[in-house]
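Open the model in your viewer and keep the selection panel at hand.

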Amino acid sequence: MNNEVAAAPSQGTLNIEDSKTHEVRSVHYEASGKCYKVVDGDTIWVECIGKIRFVQVNTPERGEPGYHEAKDYVKEKCLGKTVYLDIDDKKHYDKYNRTLAIVYTENLDINRELLNENLAEIMYIPPSEFAKGTV
């Protein structure tokens with residue numbers, strides 16, 4: 001019996017659909033791994049990579065309205081699944097040493113979907129590879 005688990009490629013391209021516009025676009029990712037913990041609506045832990053902060057979005061903090069909805073959404077979409085990361089080339093880490101990235105599943109841009117679902121607000125902190133408002 002083979003117990004090996006196929007590892008996700010470390011780089012590649014995905015076709016992502018925007019749930020609001022139904023536009024399909026091709027995106028590049030630079031790292032991938034299994035999400036094993038959701039901290040809140042904009043922070044997750046990914047195997048072999050560490051703590052990830054969703055770039056350019058901000059979800060409510062614990063105790064604020066919308067906190068549980070945002071966290072539950074990210075749990076539903078990411079927890080236990082392989083996620084794909086487009087890491088910010090201009091600023092890899094925030095002041096808490098979290099990797100800054102756009103987080104994709106096999107067919108969704110989670111950063112954008114948080115905005116589409118009104119679970120997050122745009123938060124732009126330069127420098128960033130991603131132009132303001134493009135996520």
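This is a predicted model: local features need pLDDT of at least 70, side-chain atom pairs count only at pLDDT 80 or more; totals for chains, interfaces and linings use all residues.

Two strands count as paired if DSSP finds at least two bridges between them.

**Strand E7 against E8.** Select residues 82-87, strand E7. E7 pairs with E8 in the antiparallel sense, over 4 bridges. Pick Asp-86 to see a facing pair: Ile-102 of E8 stands opposite.

Show Phe-54 and its bridge partner in E8, Ala-101.

**E8 itself.** Select residues 99-104. Are they buried or exposed? Buried means under 20% relative accessible area. By that cut-off 6 of the 6 residues of E8 are buried, so the strand is largely enclosed by the rest of the structure.

**The core.** Next, display the largest nonpolar core, which has 34 residues. Ile-44, Phe-54, Val-83, Leu-85, Val-103 and Leu-114 have the most contacts inside it. E8 gives the most to this core, with 5 residues. Centre on Val-83. Leaving aside neighbours within four places in sequence, its contacts include Ala-31, Cys-35, Ile-44, Val-46, Cys-78, Val-103 and Tyr-104.

**Gln-56.** Move to the loop between E5 and strand E6 (57-58), where Gln-56 sits. Gln-56 is buried, at a relative accessible area of 3%. What does its side chain reach at 2.6 Å? The backbone oxygen of Phe-130. Beyond four places in sequence, Gln-56 also touches a set of residues that includes Glu-121, Met-123, Tyr-124, Ser-128, Lys-132 and Val-135.

**Zoom out.** Show the whole protein as a cartoon: 2 helices and 9 strands. Along the sequence the order is β-β-β-β-β-β-α-β-β-α-β. The radius of gyration is 14 Å, close to the 14 Å that the globule rule gives for 135 residues, so the protein is as compact as a globular protein of that length. Its C-alpha trace spans about 50 × 35 × 30 Å along the principal axes. Buried residues make up 45% of the 135.

**Confidence.** Finally, colour by pLDDT. The mean is 92, and 93% of residues reach 70 or more.

Definitions and conventions: Residues are numbered from 1 along each chain as its sequence is written. Side-chain values use heavy atoms; hydrogens and water are left out. Buried means under 20% relative accessible area, exposed over 50%, partly exposed in between (1.4 Å probe, protein chains only). pLDDT is the predictor's confidence in each residue, from 0 to 100. A polar contact is a pair of N or O atoms within 3.5 Å; within protein, one must be able to donate a hydrogen and the other to accept it, and residues adjacent in sequence count only if both atoms are side-chain atoms. Contact means heavy atoms within 4.5 Å. A nonpolar core is a set of buried Ala, Val, Leu, Ile, Met, Phe, Trp, Tyr and Cys residues joined through side-chain atoms within 4.5 Å. The radius of gyration is taken over C-alpha atoms; the globule rule is 2.2 Å times the number of residues to the power 0.38.
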